[in-house]
Amino acid sequence: METKKRTGLNVKLKGYFEPTPKRFRVLGDSIAAASLFVAGLNLDNPKLMLIIGVSGGVGKFITNFFGDEA
């Protein structure tokens with residue numbers, strides 16, 4: 001029985017245009033969804049909604065820079 005060797009991470013600017021590993025796509029989507037959910041719960045405070053929404057968008061954007069090391 002073979003064990004699957006885990007590859008390392010590679011974070012660089014060129015990585016934005018390379019395919020994102022599944023675990024980071026899921027992480028980025030979860031960050032974006034959670035931030036939109038929390039922002040929706042805070043309708044009384046527009047500044048907090050903006051801060052949470054922008055941080056979720058930035059988190060999703062940053063996960064696009066991760067790639068598998070070949």
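Modeller: Helices (H or I, at least four residues) and strands (E, at least two) are DSSP runs, numbered from the N terminus. On that basis the chain holds two helices and two strands, arranged along the sequence as β-α-α-β. The model is predicted, so local features need pLDDT of at least 70 and side-chain atom pairs count only at pLDDT 80 or more, while totals for chains, interfaces and linings use all residues. Residues are numbered from 1 along each chain as its sequence is written, and side-chain values use heavy atoms, with hydrogens and water left out.

Of the 70 residues in the chain, 21% are buried (buried means under 20% relative accessible area, exposed over 50%, partly exposed in between, with a 1.4 Å probe and protein chains only). Among contacts between residues at least 6 apart in sequence, 75% join residues at least 24 apart; a contact means heavy atoms within 4.5 Å.

Helix α1 has 20 residues and reaches 29 Å from its first C-alpha to its last, close to the 28 Å expected at 1.5 Å a residue (the expected span is 1.5 Å times one less than the number of residues). Its buried residues include F24, G28, S35 and A39. Viewed down the axis of α1, the buried residues fall within an arc of 40°, so they line one face of the helix; the arc is that of the directions from the helix axis to the C-beta atoms. K22, F37 and L41 are exposed on the other side of α1.

Helix α2 comprises 17 residues, 46–62, which should span 24 Å at 1.5 Å a residue, and the 24 Å between its end C-alpha atoms agrees with this. I52, G56 and G59 are the buried residues of α2. These fall within an arc of 65° seen down the axis of α2, so they too line one face. The exposed residues P46, K47, L50 and I51 sit on the face of α2 turned away from its buried side. What covers the buried residues of α2 includes α1.

How do the two helices meet? The axes of α1 and α2 come within 8 Å and cross at roughly 175°, where axes are lines fitted to C-alpha atoms, for helices over the stretch in contact, and angles run from 0 to 180 degrees between N-to-C directions. The helices are therefore roughly antiparallel to each other (angles over 145 degrees count as roughly antiparallel). Helix α1 contributes R25, G28, D29, I31, A32, S35, V38 and A39 to the contact, and α2 contributes M49, I52, G56, G59 and K60.

Two residues of α1 illustrate the pairing. A39 is found in α1 and counts as buried at 8% relative accessibility. Not counting residues up to four places away in sequence, A39 touches M49 and I52. Its C-alpha lies 9.7 Å from that of G56, 17 residues apart in sequence. A33, also in α1, is partly exposed, with a relative accessible area of 46%. The C-alpha atoms of A33 and K60 are 9.6 Å apart, although 27 residues separate them along the chain.

Beyond α2, T63 lies in the loop between α2 and β2 (66–68) and counts as buried at 4% relative accessibility. A polar atom of the T63 side chain lies 2.7 Å from the backbone oxygen of K60. T63 also touches T20, F24, L27 and G28, not counting residues up to four places away in sequence.

Notes. A polar contact is a pair of N or O atoms within 3.5 Å; within protein, one must be able to donate a hydrogen and the other to accept it, and residues adjacent in sequence count only if both atoms are side-chain atoms. Angles under 35 degrees count as roughly parallel, over 145 as roughly antiparallel, 65 to 115 as roughly perpendicular and the rest as oblique.
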